[in-house]
Amino acid sequence: MRNPLSEKIVTIRPSGIRKFFDIASERKDVISLGVGEPDFDTPWHIRDEGIWSLEKGRTFYTSNSGLMELREEICRYTQRKADVSYDPKSEVIITVGGSEAIDIAMRAMLDPGDEVLIPQPSYVSYEPCTILADGKPVIIELKNENEFRLTAEELKEAITNRTKILVMPFPNNPTGAIMERADLEKIANICVEKDLFVLSDEIYSELTYGKQHVSIASMPGMRERTILINGFSKAFAMTGWRLGYACGPKDIIAQMTKIHQFAIMCAPTTSQYAAVEALKNGDKDVEMMRESYDERRRFLMHAFREMGLPCFEPYGAFYVFPCIKEFGMASEEFALKLLDDQNLAVVPGSAFGGSGEGFLRISYAYSLKNLKIAMERLSAFLTKLRGSAS
Amino acid sequence: MREKILTFIEKNSRVDLKELAVILGMTEADVANELEAMEQEGIICGYHTLIDWDKVTTERVNALIEVRVTPQRGKGFDSIAERIYKYPEVEACYLISGGYDLLVSLEGKTLREVSAFVSEKLSTLETVISTSTHFILKKYKDHGTILHQKKEDERMIMTP
């Protein structure tokens, strides 16, 4: 028999989390801080709207780009929050999660050999999606000393004459880093000067603490070269509904819609109706959840200080990214030992790219009660390691 | 700052002072002072425990009683309300807009005890025109907390 598989897909490495997931899943009484989704249920009024749409028999396809009503709400929301205006008719597409938007944006924009700049540590899908779209991923290693922000120098250094897209994954998973206006201005200037397109993944835009999220699409000259990706998963605790969207120049959105049309048809109808309600009446829920994450963030940062674990203060998403280099172990080894010794699961930073090596991703999308137990376990583990070292 | 403290302790009054300070990003002294001040000012009126008594063997009966009264000259409803809420059996007492005047929440050991209170104490008050007693059959949610429900974390143990 011939080899049934494509060379391209076989050579893509599976997600680094997978292996760890399998080990952790087999253990009992594990406390996990490894989850990349909110611990809140979707607010009831949003769920209720989804249920109501089912009761009314709204179980048909929507148009390929999604319900007009939802696209209009998205445009209003994006105007209000990100200060960018889009035309709901031609500049928005509703996707199956932000992840689909990443995939189809790459496929709509890349020709073989086009280079995509991917700052890492970052979400696991940018690199494989680039490869699947025949692009060439070029990794920019972000640094702890810059609080894992992308600097103008790092960007300039990575640009070649094949560079087409810069991925902007902020607020960042796994580091919790954000980019403030001054940081973004420098990046935007270079993008305009070098004629780069930006894929701005702003899925965590609602989750910043004490600092306002700024969208690079709102900077001068950037709207026409930015695909702004967002979704409902993190802000409204709607991960399982699988709903995201992309806004951008209509020529790009039109081609993305073509791929979406043939591969997906349309995003889930029930989710779209629920999402309309989320955008119309969900602000206070977002506010409540943000407040709650912020409390936990402060709790963890304090706990790290007490146990002497170095960690820059992250202002976004729901992750902290402490440095474990003093223990002289790879982050995967550290995480495995921690699991083995304390039944505490965290994600090794290396799962998010080489520059995540020496760090852990710790999610605070957990109850304070849970975090408290987890920090006791982590502290006990560190004490043990330090004791055996001396 | 006060609102932040109150919002938090409304749901968890057992949090320790040091932890509360960390969580809210304040100093321990500030939190302690504010708590003290709010107790003095009667903003914080008590620290209670939410108990689902149905899970405890002791018999308890709760009733909500709608009471229509004649307001008194110069005192309105306050003085009749006071005569009612001073009974220790009365768990809560509210002045209500609409078809009746006072809503009285009552707790007793038995049906008989509650009925006796209504017929002997409440109805016999001069200013009370009528009462209507509703026994509570089941509590689904109390103080914002859904009873009879323990929620497990059903998320996968690890996701990117």
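Reader: How many residue pairs are in polar contact between chain A and chain B?
Author: In this predicted model, the pairs counted between chain A and chain B have both residues at pLDDT 80 or more. On the side of chain A that touches chain B, helix 2 (16-25), helix 11 (283-307) and helix 13 (368-389) of chain A each give two or more residues. The number of residue pairs in polar contact between the two chains is twelve.

Reader: Which element of chain A gives the largest share of the side that touches chain B?
Author: By class, the residues of that side of chain A divide into 18 nonpolar, six polar and nine charged. Six residues of the side come from one element, and this largest share belongs to helix 11 of chain A.

Reader: What area is buried between chain A and chain B?
Author: The contact joins 33 residues of chain A to 16 residues of chain B. In chain A, F21(A), E295(A) and R298(A) lose the most area to chain B, together 25% of what that side buries. Carbon and sulfur atoms give 62% of the area buried between the two chains, and that area is about 2000 Å².

Reader: How far apart do the C-alpha centres of domain 1 and domain 2 of chain A lie?
Author: Chain A is divided into domain 1 (7-42 + 284-384) and domain 2 (60-280). The contact takes 36 residues from domain 1 of chain A and 37 residues from domain 2 of chain A. The C-alpha centres of these two domains are separated by 25 Å.

Reader: Which three residues supply 22% of the area that domain 1 of chain A buries against domain 2 of chain A?
Author: The area buried between these domains is about 3000 Å², and carbon and sulfur atoms give 63% of that area. On the side of domain 1 of chain A, three residues supply more than any other three: F312(A), Y315(A) and F352(A).

Reader: Which residue pairs with R290(A) in a salt bridge?
Author: Two salt bridges are found across the interface of domain 1 of chain A and domain 2 of chain A. The N to O distance for R290(A) is 2.9 Å. Its side chain meets that of E206(A).

Reader: Which element gives the most to the side of domain 1 of chain A that touches domain 2 of chain A?
Author: Across this interface there are 16 residue pairs in polar contact, both residues being at pLDDT 80 or more. Helix 1 (7-10), helix 11 and strand 9 (319-320) of chain A each supply at least two residues to the side of domain 1. By class, that side has 20 nonpolar, eight polar and eight charged residues. With six residues, the element that gives the most is helix 11 of chain A.

Reader: By about how much of the helix are R18(A) and D22(A) separated?
Author: R18(A) forms a salt bridge with D22(A), with the closest N and O atoms 3.3 Å apart. Because the two residues are four apart in helix 2 of chain A, their separation is about one helical turn.

Reader: Which residue is joined to P121(A) by a cis peptide bond?
Author: Most residues other than glycine have a negative phi, and most peptide bonds are trans. P121(A) lies in the loop between strand 3 (115-120) and helix 6 (126-132) of chain A. With omega about 5°, the cis bond joins P121(A) to Q120(A).

Reader: What is omega for the peptide bond from F170(A) to P171(A)?
Author: P171(A) is placed in the loop between strand 5 (163-168) and helix 8 (181-193) of chain A. The bond from F170(A) is cis, and omega is near -10°.

Reader: What is phi of R242(A)?
Author: R242(A) belongs to the loop between strand 7 (226-231) and strand 8 (244-247) of chain A. This residue is other than glycine, and its phi has a positive value, near 55°.

Terms used
Residues are numbered from 1 along each chain as its sequence is written. Chains are lettered from A and ligands numbered from 1 in the order in which they are written. This is a predicted model: local features need pLDDT of at least 70, side-chain atom pairs count only at pLDDT 80 or more; totals for chains, interfaces and linings use all residues. Side-chain values use heavy atoms; hydrogens and water are left out. Contact means heavy atoms within 4.5 Å. Buried area is the accessible area (1.4 Å probe) that two parts lose on being put together, summed over both. A polar contact is a pair of N or O atoms within 3.5 Å; within protein, one must be able to donate a hydrogen and the other to accept it, and residues adjacent in sequence count only if both atoms are side-chain atoms. Ala, Val, Leu, Ile, Met, Phe, Trp, Tyr, Cys and Pro count as nonpolar, Asp, Glu, Lys and Arg as charged, and the others, Gly among them, as polar. Domain bounds come from an automatic or database domain assignment. A salt bridge is a side-chain nitrogen of Lys or Arg within 4 Å of a carboxyl oxygen of Asp or Glu.
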